[in-house]
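Work through the exercises below with the model open. Try each task before reading its solution.

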Amino acid sequence: MRIPVRKQVMWWGIAAFTLALTLWLLGQAVLPFILGAGIAYLLDPVADRLERAGLSRTLAVVVITFAVVLAFVAVMLLIVPILLRQATALVETAPEMLEQGRMFFDSRFPDLIPQGAGLQQTLVDLQAAVGEQAGRLASTVLGSVTGVLGWIALLVIVPVVAFYLLLDWDNMVEAIDRYLPREHAGTIRQLASEIDDALSGFLRGQAVVIAILGTWYAFGLMLVGLPFGFFIGIMAAVLSFIPYVGVLIGGATAIGVALFSFWGDPLWIGAVVAIFAIGQIVEGNYLQPKIVGGHVGLHPVWLLLALSVFGTLFGFVGLVMAVPMAAALGVLARFLIAQYRDSSLFTGQAVPDEPAQPLLVEMVPTGTVADRLRAARMASDRVRSRQQIEDMQEDLSRRDAEG
């Protein structure tokens, strides 16, 4: 008997709620496993291509692991120290830049900020507190996310989880497919394919875009001699996965530093502005349409909402899960909207019940069914007897060989 749709929705809703509650309770404990699964998901197409090139799955995973570890070590040794050094210097210089900006507005526009207003004191307090609060915030974030145990988990558990999941990824997908509810297996496969298309298109495409923009911004700002240019360029590129946020924050920071460093030399200030303008034009007209594509379906507002909601509910784990969950929920929302538009709730017309299946009765002579059952039992007995004889012969042959 078919289970009613309402009951199926109830049971699957309970399962989804249980999963969300488990993630919320486990918190940081599941972060290495989520990161490992995400890395395996991103690298699975590379492993498949290496398999098609003639490598075994194990050798393909070993090659990928070696390349990823080599790239990670290179980044940690060559890029991260520069970023940390420039970020620290920028935080230490920020109060001085704010003070210069305040003095500039005081001298050029004395009536813009009334001296008796609270805004003047607010700017003074902001200038005094930026250095202390920025350093404290950075240390707090690092302490909460990457403590000693967190570092061990991220540096040891994540690569191990990613390695084994990547090794068994195809088998794991097949195993999950076998346990799908048969009635809805086709629909679930279609939704999973759409989620994979949206998620892989966004993550892999955006990673390429960030790499290109990071190279352009970082080296461009370094070539014009902008202090902290490498850090500002990388920061702007990383934040560019949220449209307009990266260029606004990175551009505002770069222009502010350029005004502080190149005051009186408008050529270099214009060069900084031109670098971000060219980057934004290339990103909007070529990189996003050609690399990421229009099939992703992650609207910027939807992405910001997902980051805010999942970050609030699940902390840092929620921030990591925000993009895949946003892609999945976006696909599910479009599917539910399509179902709603086809339903009687939207059309106002009741859908007629499916007609009952006709009862088929086959007329046969008396004793036909009993004869068929008897013949089937005799055939089964003959097959079983033949199998027993073959087993005895194999056993005797093995004994003779051993004797």
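**Exercise 1.** Is the crossing of α8 and α9 left-handed or right-handed?

*Solution.* This is a predicted model, where local features need pLDDT of at least 70, side-chain atom pairs count only at pLDDT 80 or more, and totals for chains, interfaces and linings use all residues. Residues are numbered from 1 along each chain as its sequence is written, and side-chain values use heavy atoms, with hydrogens and water left out.

Step 1. Find the two helices: α8 covers residues 229-238 and α9 covers residues 245-261. Helices are DSSP runs (H or I, at least four residues; strands are E, at least two), numbered from the N terminus.

Step 2. A crossing is left-handed if the near helix is turned anticlockwise from the far one by less than a right angle, and right-handed if clockwise. The α8/α9 crossing is left-handed.

**Exercise 2.** At what angle do α8 and α9 pack, and which residues meet?

*Solution.* Step 1. Take the geometry. The angle is about 165°, and the axes lie 7 Å apart. Axes are lines fitted to C-alpha atoms, for helices over the stretch in contact, and angles run from 0 to 180 degrees between N-to-C directions.

Step 1. Classify. That angle makes α8 roughly antiparallel to α9 (over 145 degrees; under 35 is roughly parallel, 65 to 115 roughly perpendicular, the rest oblique).

Step 2. List the contacts (heavy atoms within 4.5 Å). From α8 come Ile-232, Met-235 and Ala-236. They meet Gly-246, Ile-249, Gly-250, Thr-253, Ala-254 and Val-257 of α9.

Step 3. Sort them. The contact has 6 nonpolar, 3 polar and no charged residues. Ala, Val, Leu, Ile, Met, Phe, Trp, Tyr, Cys and Pro count as nonpolar, Asp, Glu, Lys and Arg as charged, and the others, Gly among them, as polar.

**Exercise 3.** How do α7 and α8 cross, and which residues make the contact?

*Solution.* Step 1. Helix α7 spans residues 185-223. The axes of α7 and α8 come within 7 Å and cross at roughly 155°.

Step 1. These helices are therefore roughly antiparallel to each other. The crossing of α7 and α8 is right-handed.

Step 2. α7 supplies Ile-210, Leu-213, Gly-214, Tyr-217, Ala-218, Leu-221 and Met-222. Residues of α8 in the contact include Phe-230, Ile-232, Gly-233 and Ala-236.

Step 3. The α7/α8 contact divides into 12 nonpolar, 3 polar and no charged residues.

**Exercise 4.** Where is Ser-240, and what does Ser-240 touch?

*Solution.* Step 1. Ser-240 sits in the loop between α8 and α9.

Step 1. Ser-240 has a relative accessible area of 5%, so the residue is buried (under 20%; exposed is over 50%, partly exposed in between, with a 1.4 Å probe and protein chains only).

Step 2. A polar atom of the Ser-240 side chain lies 2.5 Å from the backbone oxygen of Ala-237.

Step 3. Leaving out residues up to four places away in sequence, Ser-240 touches Gln-206, Ile-210, Leu-213, Gly-246 and Glu-283.

**Exercise 5.** Where is Phe-228, and what is the value of its phi?

*Solution.* Step 1. Phe-228 lies in the loop between α7 and α8.

Step 1. Phi of Phe-228 is near 60°, a positive value in a residue other than glycine.

Step 2. Phe-228 counts as buried, at 15% relative accessibility.

**Exercise 6.** How many helices and strands does the chain have?

*Solution.* Step 1. Count 13 helices and 0 strands.

Step 1. Check burial. The chain has 403 residues, and 25% count as buried.

Terms used: A polar contact is a pair of N or O atoms within 3.5 Å; within protein, one must be able to donate a hydrogen and the other to accept it, and residues adjacent in sequence count only if both atoms are side-chain atoms.
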